[in-house]
Amino acid sequence: MRYSEMFLPTGREVPSDAEVISQQLMIRAGMIRKLTSGIYSYLPLGYRVIRKLEQIIREEMNKAGAQEVHMPMVQPTELWQESGRWEHYGKELLRFRDRHDHEYCLGPTHEEVITSLVRNDIKTYRQLPRNLYQIQTKFRDEVRPRFGVMRCREFGMKDAYSFDVDEEGAEKSYEKMFIAYNNIFRRCGLKFRPVEADSGSIGGKYSHEFMVMAESGEDAMVFCEKCSYAANLEKAEVACPERKEIYEDDWLSLEEVNTPNVRTIEEVSEFLNVKPQDIVKTLIFNADGQQYAVLIRGDHEVNEIKVKNYIGANEVELASDEIIVKATGAPRGFAGPVNIKIPVLVDYSVIDMINFVTGANKEDHHFKNVNIGRDFQIQAFADFRVVTKQDNCPRCGTDIKFARGIEVGHVFKLGTKYSKAMKAGFLDKDGQEKIMIMGCYGIGIGRTVAAGIEQNHDENGIIWPMPLAPYQVIITPVNVNEEDVMESAENLYKSMLAGNIEVIFDDRDERAGVKFKDADLIGIPLRVVVGRKNLAQGKVELKIRKTGENKLYPLQEIVQQVKQIIDQELQYSE
């Protein structure tokens, strides 16, 4: 492609409303333009990257036995009412009515549509398993779109759905997709990790996120360098400690203490002259209308996702002041487990504690020397807290590491959440009616591109991995007004096109410095510079964007050298 013919409006200034590097560089590099809040147009350079990613995805999905379909973005309310999500999905679901007053939504995901599609045409176990995927536009009415295409309202997604006759088959389908996802992100040339994750509003019992490692990532993750364990922060487990022997002779007498206006852990610690780890917080949660008390050591934080999953509730939230007073008899800040009338769940951090401090369920009062078993009974010990750097790997017991990443893909074991609600059944080999077991597998298209930029950039611009680069080479003649320079550059351009090399010919009448800056900004992996001085020696300069390395090559050898580097980079990613 000749640069002079390209729609490639680059810019030097950082956009004032761009919050993250990828957003800044995608705008400056002429990849995207904002239409309205959370909605972007992809310009030719950006769309070439999108298409390259989609091609990698298609090849790996097809290799794994999935088949591509295309489903409508507009979905009728009846399907969402069948699944039960019409009332529960939230305001992110954009709902509207047509001229006949029928209600619809713009699809944020396609579980309902694919389940309806399959149940109508698959009737017997002989037609299973099946895995169907699409690459299509979604819409989620985010309350605060941000970070450019990483968290926008309209976005591209690859979503796949598997259907199996039993759990064993569903496990095989999940494993195929897990392998395919590893292949996809490896072929993109990205550094990534699959991590255990919560299934969220999609549902299901088991899932993994695929995280592109980046210091700017909005998601925290933990991983073990000795074994394969990795999880995002909300899913990261804390192993149950080996419980020590507790002797009742060590228990001190329960003591009620007046603590006027002392509510927080810091205030209680200072007032009673104890450490935060000697205090047990009692947090009151409202779970689908039922209240629970969750106890945790004073220097730790409760993980609400773990509480929700343990209880098995649809919705869990910290109780309001009114509910706290009703459940404990005291205002917020004085809750405790002694004489409380709701179920008590206790985090592992409290399992060996004795003679600890809690609220007294009485305004301006706390208890000292509280002990489990004597002063209150519990429903269970479990893992309810946010993991810390002091914790060990729950699998092998060694140290864990913290890192930041950007979620670009997610695979779920859905089970029968949708197939049961929507009656997606089949006849087994004995003629018995069974419910299909489902899986769900998504990749954010624009989000993956943005994550690649967050991971691969410098002060000069983007550094594309070769598999995602919009073009592999840019030919830069130093002076377009010198006939021999332009003739050599033109011949190189034609030779590279003939060799199926994706190349930009920067034929603009601009200063060499301007061209070099644009080439670095848009991140083309290889730059061939044709100048009179080197050309007089029969040579041209090759610069590798990733390393900054510059080297002279004979003009006759440069095309072969470029092809060799491209082949090596692409082969390495595979």
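## Salt bridges near the end of the numbering

R508 and D518 form a salt bridge, with their closest N and O atoms 3.0 Å apart. Here a salt bridge is a side-chain nitrogen of Lys or Arg within 4 Å of a carboxyl oxygen of Asp or Glu. R508 sits in the loop between β28 (503-505) and α12 (512-522), and D518 in helix α12, so the pair ties together parts 10 residues apart in sequence. R508 is buried at 15% relative accessible area. D518 is buried too, at 2% relative accessibility. Buried means under 20% relative accessible area, exposed over 50%, and partly exposed in between (1.4 Å probe, protein chains only).

D520 pairs with R527 in a salt bridge, the closest N and O atoms being 3.5 Å apart. Both residues, D520 and R527, are buried. A network of salt bridges links D458, D520, R527, K543 and R545.

## Model and conventions

The model is predicted: local features need pLDDT of at least 70, side-chain atom pairs count only at pLDDT 80 or more, and totals for chains, interfaces and linings use all residues. Residues are numbered from 1 along each chain as its sequence is written, and side-chain values use heavy atoms, leaving out hydrogens and water.

E54 and R51 join their side chains in a salt bridge (3.4 Å, N to O). Both lie in helix α2 (residues 44-63), 3 residues apart, about one turn of the helix. E54 is buried, at 8% relative accessible area. R51 is partly exposed, at 45% relative accessibility. The salt bridge count comes to 42.

## Nonpolar cores

The largest nonpolar core has 59 residues. Such a core is a set of buried Ala, Val, Leu, Ile, Met, Phe, Trp, Tyr and Cys residues joined through side-chain atoms within 4.5 Å. M31, Y181 and W464 have the most contacts inside this core. Apart from it lies another core, of 25 residues, with M486, A489, M496 and L526 among them.

M31 has contacts beyond four places in sequence, including M26, Y42, L45, V449, I462 and W464. Contact means heavy atoms within 4.5 Å.

## The whole chain

The chain has 14 helices and 31 strands. These are DSSP runs numbered from the N terminus: helices are H or I, at least four residues, and strands are E, at least two. The C-alpha trace spans about 95 × 65 × 50 Å along its principal axes. Of the 574 residues, 53% are buried. Among contacts between residues at least 6 apart in sequence, 69% join residues at least 24 apart.
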